[in-house]
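Let's take a friendly walk through a protein model, one feature at a time. Keep the sequence and the 3D view open as you read.

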Amino acid sequence: QVQLVESGGGGVHTGGSLRLSCAASGRTFGTYVMGWFRQAPGNEREFVARINRGGSVTSIADSAKGRFTISRDNAKSTVYLQMNSLKPEDTAIYYCAAGDWGTSPKQYDYWGQGTQVTVSS
């Protein structure tokens, strides 16, 4: 089992940047694909980014492509989401998750508590 704790959320203006971090407990971090999802009020949880176990392969949702980058440091059991050129439509609670390679929340077994990102125009 792995426990996940996100940090780094906050409020920024349009065009700003934030770096989210997700720290994992346990020694099994490197055995999981890590993903970032987000959920805005009234919306379903949606895929944002994923990274494979070794950190060599990443996948970014079309809505975030060119602006967001996912990375991981297995030695620190941490996954990051660098978000640049933020837009108001990026406003949501951001969750990190550990699981298997996929873009559906159902493919991830463990979730953090979420961190709020608010982008104002």
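## The disulfide

This predicted model has 1 disulfide, counted when a pair of cysteine sulfur atoms lies within 2.5 Å. The partners are C22 and C96, with sulfur atoms 1.9 Å apart. A disulfide is a covalent bond between the sulfur atoms of two cysteines. C22 belongs to strand 3 and C96 to strand 9, so the bond ties together parts that are 74 residues apart in sequence. Strands here are DSSP runs (E, at least two residues), numbered from the N terminus.

The torsion about the S-S bond of C22 and C96 is about 45°, so this disulfide is right-handed. Both C22 and C96 are buried. Buried means under 20% relative accessible area, exposed means over 50%, and partly exposed is in between (1.4 Å probe, protein chains only).

## How the numbers were made

Residues are numbered from 1 along each chain as its sequence is written, and side-chain values use heavy atoms, leaving out hydrogens and water. Since the model is predicted, local features need pLDDT of at least 70 and side-chain atom pairs count only at pLDDT 80 or more, while totals for chains, interfaces and linings use all residues.

## The nonpolar cores

A nonpolar core is a set of buried Ala, Val, Leu, Ile, Met, Phe, Trp, Tyr and Cys residues joined through side-chain atoms within 4.5 Å. The largest one has 29 residues, and those touching the most other members are M34, W36, F68, V79, L81, M83 and Y94. Elements that give two or more residues to this core include strand 3, strand 4, strand 7 and strand 8.

Leaving aside residues up to four places away in sequence, M83 touches G16, S17, L18, L20, R67, F68, Y94 and V117, where contact means heavy atoms within 4.5 Å. Another core, of 6 residues, lies apart from the largest one, and F47, A61, A97 and Y108 are among its members.

## Salt bridges

How many salt bridges are there? The count comes to 5, where a salt bridge is a side-chain nitrogen of Lys or Arg within 4 Å of a carboxyl oxygen of Asp or Glu. R38, E46, R67 and D90 are linked in a network of these bridges. In the pair of R38 and E46, the closest N and O atoms are 2.6 Å apart. R38 is buried, at 7% relative accessible area, whereas E46 is partly exposed at 36%.

R38 also pairs with D90, with the closest N and O atoms 2.9 Å apart. D90 sits in the loop between strand 8 and strand 9, and R38 in strand 4, 52 residues apart. Another salt bridge joins D62 and K65, at 3.2 Å from N to O. Both ends of that pair are exposed: D62 has a relative accessible area of 68% and K65 has 52%.

Technical notes: Helices (H or I, at least four residues) and strands (E, at least two) are DSSP runs, numbered from the N terminus.
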